[in-house]
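Please read them alongside the structure.

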Amino acid sequence: MKLRSVSAAAAAAAVLALTATACGGGSDSGSNGDKINIGIKFDQPGLGLKTPDGTYAGFDVDVAKYVAKELGYSEDKINWKQAPSAERENLIKNGDVKFVVASYSISDKRKKEVDFAGPYFLTHQDLLVRADDKSITKVEDLNSKKLCSVTGSTSAQNVKEKLAPKADLQQLGGYSECLTGLENKRVDALTTDASILAGYASQKEHQGKFKLVGLKMSDENYGIGLKKGDDELRGKINKALEKMVSDGTWEKLVKQHFGPSGYQYEPAPAIAK
Amino acid sequence: MFDFLDSGQYDLLGAFWVTAKLALYSALGSLVWGTALVAMRVSPVPLMRAFGTAYVNIVRNTPLTVVIVACSFGLDQTLGITLGGGRSEDIGFRLAILGLVAYTGTFVCEALRSGINTVPPGQAEAARALGLGFTQVLTLVVLPQAFRAVVAPLANVLIALTKNTTVAAAISAAEAAFLMKEMIENEADALFAVFAVFAFGFIVLTLPTGLLLGWAAKRLAVKR
């Protein structure tokens with residue numbers, strides 16, 4: 001559909017919106033005094049999760065801790081900030097956080113806004129099914145199935161446009177909501193990055209109930225997002241990541257956070273220079 | 001900056017059409033349900049009055065997101081009630097209308113109740129004296145005047161409802177906010193442009209509604 005007229009009209013509205021955002025600036029350091037602000041997810045088990053007692057757990061969290069330590073910040077100097085997917089770029093650009101470790105896939109559009117260190121993890125879009133379900137073994141099986149994913153996510157769009165356009169795709173607010181449907185057999189599979197799925201499958205209350213199918217339907221390179229042009233910080237983080245892999249911490253953390261789900265993870269990806 | 005609109009990747013008008021349909025069906029449904037509720041609230045039967053009061057106070061004070069997600073969680077995923085919808089978008093659309101009607105009905109009911117209070121009690125008493133029953137008093141004398149008095153408040157409810165439809169994105173109804181989430185995911189370099197487009201879209205939907213109904217309210221109000 002041609003929407004040229006729509007976009008012309010929208011430009012007028014943008015003037016309003018942009019003047020409103022101009023005053024949204026603030027401090028630009030991302031660290032106040034001797035503390036460092038780091039953006040993570042608060043709601044993704046296995047990657048970044050705020051636990052009921054107020055601490056944070058997950059692979060991304062531990063990677064962030066390791067990197068912060070290499071930058072000279074001990075654990076009690078870290079200020080954790082929630083970085084929901086839609087807000088990551090702005091948190092970085094406004095200087096609210098020094099860097100973001102939040103299942104942040106490196107993409108060309110995002111590279112226009114922020115710089116990425118890493119990648120520190122390579123994962124693929126995969127499926128989570130009930131442990132006793134053997135009916136899905138390849139992508140083509142999906143066309144007759146009911147799938148669930150998060151509203152508007154890249155994984156959901158992949159299914160709709162490329163992988164299985166005929167599949168019945170339910171899109172809900174969060175992955176945990178999809179799990180209810182999966183458990184009650186209202187949907188057949190939950191689809192998103194394997195690392196996120198493995199995080200859910202590794203949770204105590206879900207262990208043994210679900211399994212990953214192991215289809216590699218896309219490549220997602222998780223990077224650490226930071227302010228555009230800050231090559232010094234990028235270099236330091238990359239060095240920290242390299243050290244993390246070489247001293248075995250990376251392997252240990254991956255096993256610890258994704259191990260219980262039986263997730264066949266990829267070896268640590270090469271750092272992009 | 002707005003080149004994402006010309007890529008042909010997004011069906012913007014289609015998404016707003018779903019929003020308009022959601023708003024329209026929910027508006028009709030909540031008008032009917034709200035009228036039924038107000039009839040209960042002013043009825044001479046104590047049990048109906050109690051139900052009407054309890055329902056309005058509970059549902060009105062529950063966040064809409066909770067109501068809508070409860071429809072999806074409780075009815076669809078746990079009990080398997082799909083309201084005859086086949087695919088997920090369909091089920092989500094129907095359940096969203098159910099949730100919006102259940103929620104908005106309470107506001108329609110309260111608006112109408114205030115309208116009933118504008119009708120002088122003498123009119124209802126006179127109708128009773130003529131021998132009309134409760135239903136007749138309500139439908140022939142009181143409600144027609146009450147409706148004419150509350151066009152403006154109902155327009156407010158309708159505008160709020162139009163904006164509330166965005167919550168339906170949480171349960172798979174493919175309306176405007178749903179498309180916005182897709183765009184936010186893909187267009188990391190034009191986030192504010194995306195927001196501006198959708199804010200503009202909602203203004204296009206709601207502003208004429210407000211103007212038209214504001215004009216109608218003046219014309220229809222009973223001069224006392």
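1. How many of the seven residues of strand S13 of chain A are buried? In this predicted model, the strand, which spans residues 220-226, is mostly covered, with six of its seven residues counted as buried.

2. The pairing partners of S13(A) deserve a look next. Strand S7 of chain A, made up of residues 115-123, runs antiparallel to S13(A) and is joined to it by six bridges, and within this pairing Ala117(A) stands opposite Ile224(A). Strand S6 of chain A, residues 99-100, is likewise antiparallel to S13(A), to which two bridges join it, and here Phe99(A) stands opposite Leu226(A).

3. On helix H6 of chain A, the buried residues are Tyr175(A), Cys178(A), Leu179(A), Gly181(A) and Leu182(A). Because these residues cover an arc of only 165° around the axis, they lie on the same side of H6(A). Just after this helix, Lys185(A) adopts a positive phi of about 65°.

4. The contact between the chains draws on 36 residues from chain A and 36 residues from chain B. On the side of chain A that touches chain B, the elements that each supply at least two residues include helix H1 (4-21), helix H5 (154-163), strand S10 (168-172) and helix H6 (175-183). The largest share of that side, eleven residues, comes from H1(A). By residue class, the side of chain A that touches chain B divides into 13 nonpolar, 15 polar and eight charged residues.

Methods. Residues are numbered from 1 along each chain as its sequence is written. Chains are lettered from A and ligands numbered from 1 in the order in which they are written. This is a predicted model: local features need pLDDT of at least 70, side-chain atom pairs count only at pLDDT 80 or more; totals for chains, interfaces and linings use all residues. Two residues are in contact if their C-beta atoms, placed from the backbone, lie within 7 Å. Helices (H or I, at least four residues) and strands (E, at least two) are DSSP runs, numbered from the N terminus. Ala, Val, Leu, Ile, Met, Phe, Trp, Tyr, Cys and Pro count as nonpolar, Asp, Glu, Lys and Arg as charged, and the others, Gly among them, as polar. A residue is buried if 20 or more other C-beta atoms lie within 10 Å of its own, exposed if 12 or fewer, and partly exposed in between; C-beta atoms are placed from the backbone. Two strands pair if DSSP finds at least two bridges between them. The arc is that of the directions from the helix axis to the C-beta atoms.
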